[in-house]
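Open the model in your viewer and keep the sequence panel beside it. This tour goes from stop to stop, saying what to select and what is there.

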Amino acid sequence: MIAILMRELRTYFKTPIGYIFMGLFLLVSGFFFTFVNLSTGSTYFTSFLQNILFLYLFAIPLLTMRLISEERRSRTDQLLLTSPITVTEIVLGKFLAAFFVYAFTLLVTVSYAIVVGTFGDLWIWETVGGYVGILLLGSSFIAVGVFVSALSENQVSAAFFTFFALLLIWFIDLVKTVVPGGPVANGVFAMIIVLGVAGYFYSNTGSVVAAAAVLLAGTLTAGALYIALPLVFNRLIINALSWFGLLERFNPFTIGLLRFDAVVFYVSFTSVFLYLTVNVIEKRRWA
Amino acid sequence: MKRLKYGGYAGITTFVVIVAAVVLNLLAQQIGWQIDLTDTAVFTLSPQTRATVDGLTDDVTIYILASRQPVNAQVMEVLDRYARSSDRIRLETVDPEQSPGIVARFDPDGRGLETGSVIVATQQAFRAIRRADLFSQDTTNPNAPQIVGLDVERRITSALAFLAGGQTPIVYQTQGHGEVDLSTAGGGRLGEQFRASNLELRRLNLIQAAEIPSDTAILSIVRPQSDFSPSEIAKVERFLSRGGKLFLAIELAAGELPNLSLLLERYGIGIPAAVVLEPDRNFNIGQPLQLAPQLSDSPITTPLVEANFSVVTPLARPVQELSTRPRGITFDALLTTSGQSFYRSDLANESLSMVPGDVRGPVAVAAKAVERDFVTNEEISRIVVVGNVSFIALVDQVSGNLDFLLNSFGWLEPQGQILSIRSRSTFRFPMQMTGMQQLVFAVLFVVVIPAAILITGFVTWLRRRYL
């Protein structure tokens, strides 16, 4: 894993991509810091961290687009997959390389906080919490980017689809406010999910029987949920969308709260997407 | 067959991983651990709140009125702390447009409960807290009031204490000498602050009353413009002798008050008819008569020091410790001026500098004293004396003044009935930079650092493009 990590880190800085990511990220965040904090004298540093979040929509695809898709395009993935290292190590190495570049870029912005602390009243622990939150949020975004990159053979399409995936996550809170409630809408949603899972099983196994078994089990589970826990069932869409509410869970960090459930959420979200990435690559071995 | 085996295995493990992640998150939500990283412990409930919550015997629902606009995140987090602190407390978000019955039930007078307001209710009773009262504001500039703190805990705990049927200590305010009525001071806002701190204000005419009522928690004498009669003083003395508590604020204009002075001598306190001047700019607010004295280390003033609050006392008179102090008396200055300060008895002299006859400071302008039985050391009575009344008029503008006043009452009646919870400051002092410093940092962060990185990237690309 270390070999992959080092190789990816070298690639970031032997090609312009790492410099472009860092340079543009710091250019825009420098603008925000200047206009939000320096020009007004504001010492509310976590509001600066909140303000630069939109930057991630564009910066994260830039960071992750080539990670796996480039291996497929240049056919070097065959070499990697036949090497002694596991797919998990490959994915972790690539993810960590992107994460370290991102974390190092954020480290530069600590100099902004030092300026605030020197000339004003900086709440240090709140700022530390803000950085913990933004690192966790960034790791989740990077995991999504790595996953999308594994699905694509083309860097540009990987960047494009990562951007849309992040955009969808961005507006998830807004979507939640307009989704219909009630048993019918949630029932339809539950069946779409069950059909999706059955389709996933079919694409994996090629077995109609396995897919039908999943369809039957899923339908029965949904029915049981409707009868046993109607309150949970009637909020199925909202609850499902909430699992993608990455930004909502970042808010406590900006007001000075380090919440255990938010940390667990980001870590598990990142882990699930890395696991899915491993599965996508593994599938190419046996499919 | 190979595909079925591997594909089935991958599908099942993916399902298991996702379910495990969901369960893990549900568990984490249930545990609800969190660390409050704010400097002023904005999201940490005080021991007094915990005691109040633990003492609840009825189920309580905290309703928060919310429509499309999200409720302030800080308010929601503090309310969530209450809900997590007791099984008896439930938090419910209500949309007033969709549930107009709720508003009608809790706002029968139709005074208007705007979105963001909170209602604390049991089956029998309720208390509504308006959104504006959940925050403490600095209204020094009335055109641009600024939120400087969060007042959620004090409001909610006060409401819980009220609903739990706990006792509300009664403060009797003397009348008949031109005193200020605290319940109407500041357009009634001060009275609301006392209610929020679980204190009931009542009036008392000492001439008419045979004795000070037995249910008096604290006797308050604020701005007497004339002296008390010997019979009134005798009633106060009897009240203090049986364990009474006294809050006394005297203004400069009251002049000599021989009978009240005699009462204070019992506590080793002197209140000369003099004015305190403070030339040290660190301890005035631009003018020697406008004092911002040093805060001592005491239960009344230490919370203000921790919150970075100042107390402003314009035109204060000295509250001196007399050289001859009766046995059993402990005197502690609360607000003290600097070594450069002085006080002047000749009020006709308008000079702002020290002149012959002035007495060099430092001098206290507020003090507390405790009387103990010098044999058994048992506490008999407590008093707080402030050589200033104008500070009360400034409670709306200066947060420290309000806290100083309420903390004084809290110290006088330490039975836990008065809430010592204060607004949690969320204010931070802005950066103090010169224009040149701003420019230098702006150029560094917007131009120098990004350009250095981008140029390095360009050079790297130039060097390696043919490799």
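How many Å apart do the C-alpha centres of domain 2 of chain B and domain 3 of chain B lie? They lie 34 Å apart. Before going on, note that this is a predicted model, in which local features need pLDDT of at least 70 and side-chain atom pairs count only at pLDDT 80 or more, while totals for chains, interfaces and linings use all residues. Residues are numbered from 1 along each chain as its sequence is written, chains are lettered from A and ligands numbered from 1 in the order in which they are written, and side-chain values use heavy atoms, with hydrogens and water left out.

**Stop 1: the domains**

Colour chain B by its domains: residues 1–33 are domain 1, 47–149 are domain 2 and 167–416 are domain 3. These bounds come from an automatic or database domain assignment. Now do this for chain A, where domain 1 is made of 2–176 + 247–286 and domain 2 is 182–234. The centres of domain 1 of chain A and domain 2 of chain A, taken over C-alpha atoms, are separated by 33 Å.

**Stop 2: where the chains meet**

Select the residues of chain B in contact with chain A (contact means heavy atoms within 4.5 Å). There are 57 of them, and they touch 63 residues of chain A. By class, this side of chain B has 30 nonpolar, 19 polar and eight charged residues. In that count Ala, Val, Leu, Ile, Met, Phe, Trp, Tyr, Cys and Pro are nonpolar, Asp, Glu, Lys and Arg are charged, and the others, Gly among them, are polar.

The size of an interface is often given as the accessible area lost when the parts come together. Here the buried area (the accessible area, with a 1.4 Å probe, that two parts lose on being put together, summed over both) is about 5,400 Å², and carbon and sulfur atoms give 70% of it.

Next, colour α1 (2–31), β1 (34–36), α3 (73–85) and α12 (435–464) of chain B, each of which supplies at least two residues of the side that touches chain A. The largest share, 20 residues, comes from α1(B). Helices (H or I, at least four residues) and strands (E, at least two) are DSSP runs, numbered from the N terminus.

**Stop 3**

Which side chain meets that of Arg428(B) in a salt bridge? Select Glu126(A): the N to O distance is 2.8 Å. A salt bridge is a side-chain nitrogen of Lys or Arg within 4 Å of a carboxyl oxygen of Asp or Glu. The count between chain B and chain A is two. Glu77(B) also forms one, with Arg259(A), the closest N and O atoms being 2.9 Å apart. That pair runs from helix α3 of chain B to strand β1 of chain A.

Stay at Arg259(A), which stands opposite Gln34(B) in β1(B). Strand β1 (residues 257–259) of chain A pairs with β1(B) in the antiparallel sense over three bridges. Two strands pair if DSSP finds at least two bridges between them.

**Stop 4: inside chain B**

Select the open sheet of eight strands, in the order β9-β8-β10-β11-β22-β21-β18-β15 (chain B), with mixed pairing. β9 (200–205) and β15 (294–295) stand at the edges with a single partner strand each, so one side of each is left without a neighbour in the sheet.

Finish at Pro362(B), in the loop between β20 (359–360) and β21 (364–372) of chain B. A cis peptide bond joins Gly361(B) to Pro362(B), with omega about 0 degrees.
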